[in-house]
Amino acid sequence: RVYRESGQAAKATEILAKAAAENQGDPKVQFGVAVDLLNAGKSDEAMAAFQKVVEIDPNHADAYFHMGTLAVGQNKIPEAIAFLEKYLSMNPTNTQNVATAQGLLQALKPKK
């Protein structure tokens, strides 16, 4: 994060990639890599990284939130709905993300 904030994005990515390779089974490290990819605008790579996080830790609510918002951006509406519903079913505590997820679901779900 320090490298990215100081304008050294390539160095930050390099360090995170090394950490990810050395910590394949650590969801916190893998989540950090996924967030870095997301912040770098690498949506497809970020989605794959978040999916790896939930493979390691199926109860990682924040990964589902980010997969849901990425799916919205990729116009993958059924997937977005599933990810966001999964996120909310886990009783997350980040009130801003909860509100975002609820708003997205309200907008995405077909009106009855």
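Visitor: In which helix is asparagine 97 found?

Guide: In this predicted model, asparagine 97 is found in helix 7.

Visitor: Why is asparagine 97 called buried?

Guide: The relative accessible area of asparagine 97 is 14%, and buried means under 20%, so asparagine 97 counts as buried. Leaving aside neighbours within four places in sequence, asparagine 97 is in contact with Asp62, Phe65 and Tyr87.

Visitor: What makes methionine 67 a buried residue?

Guide: Methionine 67, which is found in helix 5, has a relative accessible area of 1%; because the limit for buried is under 20%, methionine 67 is buried. Not counting residues up to four places away in sequence, methionine 67 touches Met47, Phe50, Gln51, Val54 and Phe83. The C-alpha atoms of methionine 67 and alanine 48 are separated by 9.0 Å, although these two residues are 19 apart along the chain.

Visitor: Which residues have the most contacts inside the largest nonpolar core?

Guide: They are Phe50, Met67 and Tyr87, in a core of 26 residues. At least two residues of this core come from each of helix 3 (27–39), helix 4 (43–56), helix 5 (61–73), helix 6 (77–89) and helix 7 (95–108), and the largest share, 7 residues, is supplied by helix 5. As for phenylalanine 50, once its neighbours within four places in sequence are set aside, its contacts are Phe31, Ala34, Val35, Leu38, Ala63, His66, Met67 and Leu70.

Visitor: How do you know that the buried residues of helix 4 line one face of the helix?

Guide: The buried residues in question are Ala46, Met47, Ala49, Phe50, Val53 and Val54. Seen down the axis of helix 4, they fall within an arc of 165°, so they line one face of the helix. On the other side of helix 4, Asp44 and Glu55 are exposed, while the cover over the buried residues includes helix 3, helix 5 and helix 6.

Visitor: How does the reach of helix 4 from its first C-alpha to its last stand against the expected value?

Guide: Helix 4 has 14 residues and reaches 20 Å, which is close to the 20 Å expected at 1.5 Å a residue.

Visitor: What makes glutamate 85 and lysine 109 a salt bridge?

Guide: The closest N and O atoms of glutamate 85 and lysine 109 are 2.5 Å apart, and a salt bridge asks for a side-chain nitrogen of Lys or Arg within 4 Å of a carboxyl oxygen of Asp or Glu, so the pair counts as a salt bridge. The pair links distant parts of the chain, since glutamate 85 lies in helix 6 and lysine 109 in the segment after helix 7, 24 residues apart. A search of the whole structure finds 1 salt bridge.

Visitor: Why are glutamate 85 and lysine 109 called partly exposed?

Guide: Partly exposed lies between the limits of under 20% for buried and over 50% for exposed. Glutamate 85 has a relative accessible area of 34%, and is therefore partly exposed, and lysine 109, at 37%, counts as partly exposed too.

Visitor: How many helices and strands does the chain have, and what share of its residues counts as buried?

Guide: The secondary structure comes to 7 helices and 0 strands, and 32% of the 112 residues count as buried.

Technical notes
Residues numbered from 1 in each chain as written. Predicted model: local features only at pLDDT ≥ 70, side-chain atom pairs only at ≥ 80, totals over all residues. Heavy atoms only, no water. Helix = DSSP H or I, 4+ residues; strand = E, 2+ residues; numbered from the N terminus. Buried < 20%, exposed > 50% of the residue type's maximum accessible area, 1.4 Å probe, protein only. Core = buried A, V, L, I, M, F, W, Y, C linked by side-chain atoms within 4.5 Å. Contact = heavy atoms within 4.5 Å. Expected span 1.5 Å × (residues − 1). Arc of directions from axis to C-beta.
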